[in-house]
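Welcome, and thanks for taking a look at this one with us. Here is a short tour, arranged by topic, to read alongside the structure.

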Amino acid sequence: MSAYAADVLTLARKDLRLELRARDTVPAMVLFVIAALVVFHFALPGASGDLAAYGLLWVALIFTALLGLVRGFAAEREQGLLDALVLAPVDRSTIWLAKALAMLAFLVVAELVALPAFAVFFSSVSAETVAGIALADVGICTVGTLLSAMAAASRTRELLLPLLFLPLAIPIVVGGVGASVVGEPGRYLGFLAVYDAIFAIISWASFEYVVTE
Amino acid sequence: MAETACTLQRLRRTSAHLAGGAETREAGRGVRLGASRVTPMIRARSLSKDFGEKHVLEALDLDVPRGGFVLVTGPNGAGKTTLLRLLAGLTVPTGGELDVAVGRALIGFLAHESLVYRELTAIENLDLYGRLYRVPERRERIGMLLERFGLWRVRNERAGSFSRGMLQRLSLCRAFLHEPDLLLLDEPFNALDGAGVDLLERELVALRPRATFVVATHDPARLEPLASARLALA
Amino acid sequence: MSLRSSPAVATTALAAALLVAAVALIFFFAPEDADQGISQKIFYIHVPVALTAYACFGWGAWKAFLHLWRRPPTADLQSYVAIHQGVIFGALTLVTGSIWARASWGHWWVWSSRQLVLFLVLFLFYAAYFMLRFSVEPGPARANLSAVYAIFGVALIPVSFMAIRLAEDFVHPVVFKRDGPDMTGSMFLTFCIACAGVLALAAAFYHVELAGKRLDARVRELRALLQ
């Protein structure tokens with residue numbers, strides 16, 4: 001295995017192990033998404049129909065992801081550990097990739113709870129929706145992890161991350177909702193794939209500059 | 001007021017090379033590989049670092065030969081930590097030139113923070129860094145270090161449960177783990193009890209011939225016998 | 001480098017000349033639109049302002065890229081000032097677009113106007129740029145973060161545009177079609193002069209702001225030396 005992949009694996013395992021020990025982020029995300037869905041039930045007027053519910057599903061997912069992302073680099077910045085990782089003779093983008101993979105795992109766990117809940121509360125979830133969610137998750141985690149590192153460097157971390165993230169999340173929501181509600185979801189899924197490709201590459205290439213001076 | 005005095009010298013900085021290569025770290029950007037035969041380990045000319053309006057370091061000149069041991073002293077806020085961070089490459093100078101002959105793989109850094117994950121055990125922490133630094137015979141080396149620093153008994157306990165003194169010992173293990181050529185230690189005796197102090201002194205004496213040291217300390221007398229040079233920051 | 005010799009003066013003069021010419025052309029030369037009447041004249045301001053905002057964001061991203069790549073000491077400040085101008089002109093785009101929408105269709109906001117929606121998204125994005133900048137201590141870290149974010153912004157422009165187009169399928173089934181003016185020669189000339197004028201204005205603001213910031217920095221250096 002290449003050194004790059006080995007480093008990513010080492011760091012991703014570290015992130016997963018930390019969450020397994022601390023058990024704070026994933027339970028919070030799961031609880032949040034369920035609570036959000038319940039709120040949405042009360043927020044939707046009776047005649048809204050399924051399509052409105054799908055839109056709100058995506059809102060719930062975006063904000064659940066944000067909850068997790070805010071915690072993304074919290075430990076590293078609080079304890080100065082980012083310095084230790086930056087000092088290591090590894091490509092700095094491995095730090096980003098490992099963290100993004102861990103975030104993806106957390107988000108998938110939250111969705112494994114959210115989607116059945118949504119199916120029970122509102123309406124069933126189609127295969128296209130799941131495909132859209134899968135693609136959207138990649139975009140959310142790649143961009144979100146980089147922005148989380150940026151926000152962690154600022155004074156106003158928890159406040160700043162949503163502001164940085166939401167404009168970039170708009171195309172994701174468009175792609176996702178489109179895939180859920182429109183008859184031919186192919187275009188939307190393709191768009192999500194393009195989004196993922198573009199922003200994953202930019203994130204990968206620029207992470208070095210986010211954590212070094 | 002002379003125009004020249006107003007202008008800060010902004011030179012070009014390199015992108016850091018990964019392992020082994022010589023690095024030139026200056027304000028600005030530009031790659032320069034130095035010959036590593038007889039060049040000093042550290043060479044700084046007119047090094048300065050500002051944080052906004054605050055001038056922490058001003059026009060500092062420094063030469064540290066390979067195998068040197070520099071004691072950095074000065075009151076709080078004098079810039080000892082800033083200097084060490086500059087040498088480690090964690091931050092870049094505002095002005096002047098800084099050459100460090102070794103890359104990240106050969107630098108060991110001890111900070112004020114312990115730089116260990118609270119939720120991981122001692123051995124997991126060292127294993128993490130051991131993998132990232134590609135330490136050969138990782139497990140044996142980790143075991144040996146934990147034993148040397150008196151942490152073998154608590155190796156499977158989470159770092160979060162350690163006392164400050166134990167955390168400091170673990171941080172020292174982390175700094176020494178990959179047998180670096182350049183050790184940058186920020187107040188290494190902090191929080192250590194009597195036994196810990198003795199341990200560390202013994203380690204430093206043992207490592208003295210094999211590495212270059214830059215040590216920031218409030219208590220220079222203890223390390224005076226080892227030192228080859230003193231740098232007092234105002 | 002004094003204010004007198006900088007590009008600020010040259011571009012200000014150029015902008016003034018072009019804008020005067022543009023206003024003259026808009027009101028006395030370009031033909032009045034049969035359907036929309038005098039309100040169509042806003043087009044000569046709205047579109048150039050929008051294009052100028054894009055140009056500012058693009059210039060800001062270019063300077064940001066230069067900063068990360070070559071690290072010239074002025075690149076970060078130039079990137080910031082360019083994006084600042086972009087946000088100002090972006091806000092102007094939203095305002096003029098809203099006025100035009102009101103005049104044309106009676107609504108202050110139309111989600112079917114792709115241009116307007118795109119600018120809204122970009123405005124949010126670049127407003128966050130300033131929040132980012134103001135919440136990080138000045139220094140190399142802030143410059144790096146700003147530069148990376150600026151580059152994200154410029155990638156977001158086409159992606160958002162695609163998204164907005166796709167969204168039309170399920171967000172608004174009824175689309176107000178603004179028939180793009182088939183520009184006659186005189187309209188085209190007016191449009192070009194207006195574009196040039198607004199671009200020159202942005203360039204003038206850019207240079208003036210840069211000169212101002214450099215002056216500030218100089219004053220601070222002098223003050224520090226005196227202490």
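Why does the radius of gyration of chain A agree with that of a compact globule? A compact globule of 213 residues would have a radius near 17 Å, and chain A has 17 Å, so the two agree. Please keep in mind that this is a predicted model.

**Chain A on its own**

- The C-alpha trace of chain A spans about 55 × 35 × 30 Å along its principal axes.
- Of the 213 residues in chain A, 53% are buried.

**The largest nonpolar core**

- The largest nonpolar core counts 208 residues, and the members that touch the most others are Met150(A), Leu164(A), Cys173(B) and Leu184(B).
- Helix 5 (residues 140-171) of chain C gives this core its largest share, 15 residues.
- Beyond its neighbours within four places in sequence, Met150(A) is in contact with Leu164(A) and Val210(A) in chain A, and with Leu132(C), Leu145(C) and Tyr149(C) in chain C.

**The sheet in chain B**

- Five strands of chain B form an open sheet with parallel pairing, in the order 6-7-8-4-9.
- Strand 6 (107-110) and strand 9 (229-232) of chain B stand at the edges with a single partner strand each, so one side of each is left without a neighbour in the sheet.
- From one strand to the next, the twist averages 15°.
- Helix 5 (residues 164-176) of chain B packs on the sheet, where it touches strand 6 and strand 7 (182-186) of chain B. The direction of this helix makes about 165° with that of strand 6 of chain B.

**Strand pairings in chain B**

- Strand 7 and strand 8 of chain B run parallel and are joined by five bridges. Here Leu184(B) has Val214(B) in strand 8 as its bridge partner, and Leu184(B) is also one of the core members that touch the most others.
- Strand 4 and strand 8 of chain B run parallel too, joined by four bridges, and Phe69(B) stands opposite Phe213(B) in strand 8.
- Strand 4 (residues 69-73) also pairs with strand 9 of chain B in the parallel sense, over four bridges. Thr73(B) has Ala232(B) in strand 9 as its bridge partner.

**Strand 8 of chain B**

- Is strand 8 of chain B, residues 212-216, mostly covered or mostly open? Strand 8 is mostly covered, with five of its five residues buried.
- Both faces of strand 8 are covered. Thr212(B), Val214(B) and Ala216(B) are buried on one side, and Phe213(B) and Val215(B) are buried on the other.

Key: Residues are numbered from 1 along each chain as its sequence is written. Chains are lettered from A and ligands numbered from 1 in the order in which they are written. This is a predicted model: local features need pLDDT of at least 70, side-chain atom pairs count only at pLDDT 80 or more; totals for chains, interfaces and linings use all residues. The radius of gyration is taken over C-alpha atoms; the globule rule is 2.2 Å times the number of residues to the power 0.38. A residue is buried if 20 or more other C-beta atoms lie within 10 Å of its own, exposed if 12 or fewer, and partly exposed in between; C-beta atoms are placed from the backbone. A nonpolar core is a set of buried Ala, Val, Leu, Ile, Met, Phe, Trp, Tyr and Cys residues joined through C-beta atoms within 7 Å. Helices (H or I, at least four residues) and strands (E, at least two) are DSSP runs, numbered from the N terminus. Two residues are in contact if their C-beta atoms, placed from the backbone, lie within 7 Å. Two strands pair if DSSP finds at least two bridges between them. Axes are lines fitted to C-alpha atoms, for helices over the stretch in contact, and angles run from 0 to 180 degrees between N-to-C directions.
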